[in-house]
Amino acid sequence: MDKKVHLLKSYSNILVSEVENPGGLKVGLIELNRPKALNALNTELMGEVAEALHAFDKDAEIGCSVITGSEKAFAAGSDIKEMAEMNSVDAYSAEMFSAWDRIRLMKKPVIASVSGYALGGGCELAMLCDMIVASECAKFGQPEINLAVIPGAGGTQRLTRAVGKARAMEMILTGKMFSAREMFEAGLVTRVVEDGKFLEESLNLAKDIAVKPALAVQLAKECILKSFDTTIETGIEFERKNFYLLFSSGDKQEGMKAFIEKRKAVWKGK
Ligand code: CAA
């Protein structure tokens with residue numbers, strides 16, 4: 001198993017570390033750590049995730065991040081105990097989703113490493129990430145309907161875009177849980193792995209990305225995400241501008257030169 005190096009900062013609800021990646025940039029690791037509440041996502045925890053991810057985003061030595069939970073639960077949803085007494089004005093005034101909005105703006109890729117329950121806000125946090133690696137035992141669902149509410153952290157939008165209308169309707173209107181395999185087949189999950197291997201496999205995927213030229217990785221992510229909220233014409237225009245922009249990077253000169261000289265490129269991330 002990978003050696004996790006220095007806990008960067010002490011938080012109340014998450015553990016934060018860096019994983020070495022010989023030959024590439026490091027991987028930032030965030031472990032949700034509220035085991036007694038099955039990693040239910042309260043406001044404080046989400047603020048910490050956003051802060052830690054932001055620090056990774058700004059750190060030139062980090063190429064990719066991973067968010068994970070425990071074997072039993074990635075996260076069993078937003079914290080029902082925190083929300084139980086809130087009325088709509090409280091919820092609006094609390095800006096419940098400001099941390100989610102900050103996470104959405106991360107430039108570097110973020111991988112969700114899911115074992116056990118990814119329910120409600122837990123499924124939505126996984127979908128807010130750029131890829132999902134899931135254990136065979138992972139269970140995905142949007143059970144908010146059982147609480148007489150609906151997904152509020154992007155679930156109706158991201159799930160529908162990922163799995164299509166028919167499956168999204170079924171998941172959100174019945175509140176049922178679906179297996180990692182079903183979600184892989186539906187297009188939500190990037191890779192299903194053996195139980196117990198979810199973190200190792202997620203870190204391997206993150207490392208594969210963190211050895212690539214960082215600026216091209218970030219701009220590719222930006223273009224892919226753009227495809228969800230624009231027309232094909234505007235999306236292609238956006239892609240083309242980013243493609244041209246990369247022609248001014250040192251890494252582009254190095255990458256093409258190294259290919260012609262039949263040697264391994266050395267990336268600088270700019
Ligand atoms: N919020 C707060 N606490 C939670 C929680 C949640 N979402 N999910 C679990 N917990 C707590 C339980 O209350 C329990 O605490 P206590 O020991 O203090 O009673 C502890 O975690 C363990 O949970 P269970 O005893 O229920 O564990 P289980 O193994 O029997 O069941 C489960 C596991 C099926 C996941 C069940 O806990 C469950 O159904 N959880 C709620 C799932 C849910 O409805 N999620 C959606 C939340 S709403 C939302 O997310 C809104 C949004 O879109 C933003």
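In the predicted model, a backbone N or O atom of K36 lies 3.3 Å from an oxygen atom of the ligand, a polar contact being a pair of N or O atoms within 3.5 Å (within protein, one atom must be able to donate a hydrogen and the other to accept it, and residues adjacent in sequence count only if both atoms are side-chain atoms). Of the ligand's own accessible area of 990 Å², the protein covers 65% (Shrake-Rupley method, 1.4 Å probe).

The shell around the ligand holds 22 residues, of which S78, I80, G121, E124 and E144 come nearest; a residue is near if one of its heavy atoms lies within 4 Å. At least two shell residues come from each of α2 (80–83), β7 (117–119) and α5 (121–128), and α2 gives the most, with 3 residues.

I209 is located in helix α9 (residues 198–210). This residue counts as buried because its relative accessibility is 16%, the limit for buried being under 20% (1.4 Å probe, protein chains only). Beyond its neighbours within four places in sequence, I209 is in contact (heavy atoms within 4.5 Å) with C64, P109, I111, M131 and V217.

Residues are numbered from 1 along each chain as its sequence is written, and side-chain values use heavy atoms, with hydrogens and water left out. Local features of this predicted model need pLDDT of at least 70 and side-chain atom pairs count only at pLDDT 80 or more, whereas totals for chains, interfaces and linings use all residues.

Definitions and conventions. Helices (H or I, at least four residues) and strands (E, at least two) are DSSP runs, numbered from the N terminus. Buried means under 20% relative accessible area, exposed over 50%, partly exposed in between (1.4 Å probe, protein chains only).
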